[in-house]
Amino acid sequence: MAQLLRLDASPRRSRSHTRTLAGEFVARWSASRPDDTVIRRDLGHEPPPHVTEEWIAAAFTTPGERTPRMREALAYSDQVVDELFAADVLVLAVPMYNFGVPAMLKAYIDQIVRVGRTFAFDPEAAAPYTPLVSGKRAFVIVGTGDAGYEMGGPLASMNHVEPYLRTALGFLGIDDVEFVYTGNDEFGGERLQRSLERARNRVAELTTERKAVDVAG
Ligand SMILES: Cc1cc2nc3c(=O)[nH]c(=O)nc-3n(C[C@H](O)[C@H](O)[C@H](O)COP(=O)(O)O)c2cc1C
């Protein structure tokens, strides 16, 4: 039995292609693994708080020495870090906004990258940073208005979603990350439909492939 954590970063509802595809991913996953549980965090509608001066001071204070206010400043972060550790599989639905991730997802990443919890830091060590998260697989569904942002594509150099997420998740120890792209939202019509169809087929492949089955046990 595995736990799947779904993160939606689009503020759109039924018009959101990434939400629709993430919904299909979860539905297919759950249909073949009914015992698995799904946790959902809607970053698009409930944006995470931004990091504050108090948050930073609290994060860099050893847990036993934190004041009640510091603990309060870290409450959201502690909750989403616990949720991350409890998950085996992550499904991220990510619109491309101005070539990067939406601010809501960036705020979430700032909350889960936590010294002493999701990574360790030892300034004396030859390798000062150690990832503390392991054994997870992530699927990222990226929605774009144009098309061709995937690695090797004509707009790949403008894509700051995939390199950023690979770096940030990899820093925590989540290296097994699969990207699915759906594009052409700005063009609509046939072009959009073809793109959605390709993404839908990829979602179908990923939810049935051997490796995905292995994660779920
Ligand atoms: C604020 C904003 C910024 C956007 N920036 C880009 C961009 O840099 N490149 C692009 O191809 N599309 C861009 N788009 C289009 C979205 O990526 C596209 O509509 C995508 O389908 C959004 O995901 P969703 O359908 O899940 O809401 C932008 C849309 C918005 C609203």
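Buried means under 20% relative accessible area, and exposed means over 50%. These legends describe a predicted model.

**View 1. The binding-site residues from the UniProt record.** An unreviewed UniProt entry lists Ser-10, Met-96, Tyr-97, Asn-98 and Phe-99 under "binding site". These residues are spread over 90 residues of sequence, yet they cluster in space. The largest C-alpha distance is 14.5 Å.

**View 2. Met-96 and its surroundings.** Met-96 sits in the loop between β3 (89-95) and α5 (103-112). Its relative accessible area is 12%, so Met-96 is buried. Leaving out residues up to four places away in sequence, Met-96 touches Gly-143, Thr-144, Tyr-149, Asn-159 and Val-161.

**View 3. Asn-98 in the loop.** Asn-98 is placed in the loop between β3 and α5. Relative accessibility here is 73%, so Asn-98 counts as exposed.

**View 4. The largest nonpolar core.** Nonpolar side chains tend to be buried together in soluble globular proteins. The largest nonpolar core in this model has 34 residues. Leu-105, Tyr-108 and Leu-165 touch the most other members. At least two core residues come from each of β1 (3-8), α4 (75-86), β3, α5, β6 (137-143), α6 (162-172) and β7 (176-182). The largest share, 5 residues, belongs to α5.

**View 5. Leu-105 and its contacts.** Leu-105 touches Ala-9, Leu-43, Leu-92, Val-94 and Leu-165, with residues up to four places away in sequence not counted.

Definitions and conventions:
Residues are numbered from 1 along each chain as its sequence is written. This is a predicted model: local features need pLDDT of at least 70, side-chain atom pairs count only at pLDDT 80 or more; totals for chains, interfaces and linings use all residues. Side-chain values use heavy atoms; hydrogens and water are left out. UniProt positions are given in the numbering used here, feature names are shortened, and annotations may be inferred rather than shown by experiment. Helices (H or I, at least four residues) and strands (E, at least two) are DSSP runs, numbered from the N terminus. Buried means under 20% relative accessible area, exposed over 50%, partly exposed in between (1.4 Å probe, protein chains only). Contact means heavy atoms within 4.5 Å. A nonpolar core is a set of buried Ala, Val, Leu, Ile, Met, Phe, Trp, Tyr and Cys residues joined through side-chain atoms within 4.5 Å.
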